[in-house]
Amino acid sequence: MKLSVAVALVTTLASGCWSGDYLAKQGVGQLKLLRARRRIDDVLHDPAVAAETKRRLALAKEAREFGVRVLGLRGGDEFTRFVDSAGAPIAWNVVAAPKDRLEPHLNRFPIVGAIPYLGFFEEHDARREAERLQAADLDVYVRPPAAQIGRAHV
């Protein structure tokens, strides 16, 4: 067991300080989200929650229950929790491409391989990465994940 931990650590460190720092920040951001989430049923019974938020959560809950009951979707713990971000994005994605090709810039990581975007929990981190990619002469686009664009996060 100790050998596999050592191999994972060496692989991560060998992949560069940047990716190790990135992965650590993503882990911290994910933990913050996990701590901030609440069960939808609890939110629906909370007198401090706005009526519109409750209405939207009730609709989401009904849609989930329909999917499980009528469509036969798996009824695990998915889509049973809510994070109130007060309408602000909880993440930002950074995508880039060479200026002369419709081909994504790939980010490479140990274990997961290459991915065509990077996600950030802090906007300033996303903007800093965008500047780094622009300095490498790439076209760059920073945006909230698609599910968050122009919407409250229900």
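This is a predicted model: local features need pLDDT of at least 70, side-chain atom pairs count only at pLDDT 80 or more; totals for chains, interfaces and linings use all residues.
Strands of a sheet pair through backbone hydrogen bonds, and the pairing may be parallel or antiparallel.

Strand E3 (residues 92–98) is joined to E6 by 3 bridges, the two strands running antiparallel. Within this pairing, tryptophan 92 of the chain stands opposite phenylalanine 120 in E6, and valine 94 has leucine 118 in E6 as its bridge partner. The pairing of E3 with E7 is likewise antiparallel and extends over 6 bridges; here proline 98 stands opposite leucine 138 in E7. Strand E3 is mostly covered, with 6 of its 7 residues buried.

The largest nonpolar core has 12 residues, namely Tyr22, Trp92, Val94, Ala96, Phe109, Leu118, Phe120, Ala126, Ala130, Leu133, Leu138 and Val142. Two or more residues of this core are given by each of the elements E3, E6, H5 and E7. Apart from this core lies another, of 6 residues, which includes Ile40, Val43, Leu57 and Phe82. In soluble globular proteins, nonpolar side chains tend to be buried together.

When neighbours within four places in sequence are left aside, alanine 96 is in contact with Glu103, Pro104, His105, Leu133, Leu138, Asp139 and Val140.

Leucine 44 is found in helix H3 (residues 40–44). Its contacts, leaving aside neighbours within four places in sequence, are Lys54, Leu57, Ala58 and Lys61. The C-alpha atoms of leucine 44 and alanine 58 are separated by 7.4 Å, although the two residues are 14 residues apart along the chain. Threonine 80 lies in the loop between helix H4 (51–69) and strand E2 (81–82). With a relative accessible area of 16%, threonine 80 is buried, because residues under 20% are counted as such. Not counting residues up to four places away in sequence, threonine 80 touches Arg38, Arg39, Ile40 and Arg64.

For the protein chain as a whole, the secondary structure comes to 5 helices and 7 strands. Read along the sequence, these elements follow the pattern α-α-β-α-α-β-β-β-β-β-α-β. Buried residues make up 26% of the 154 residues in the chain. Among contacts with a separation of 6 or more, 65% are accounted for by residues 24 or more positions apart. The chain exposes about 10700 Å², of which carbon and sulfur atoms supply 60%.

Conventions:
Residues are numbered from 1 along each chain as its sequence is written. Side-chain values use heavy atoms; hydrogens and water are left out. Two strands pair if DSSP finds at least two bridges between them. Helices (H or I, at least four residues) and strands (E, at least two) are DSSP runs, numbered from the N terminus. A nonpolar core is a set of buried Ala, Val, Leu, Ile, Met, Phe, Trp, Tyr and Cys residues joined through side-chain atoms within 4.5 Å. Buried means under 20% relative accessible area, exposed over 50%, partly exposed in between (1.4 Å probe, protein chains only). Contact means heavy atoms within 4.5 Å. Accessible areas come from the Shrake-Rupley method with a 1.4 Å probe; for residues, only the protein chains shown count as cover.
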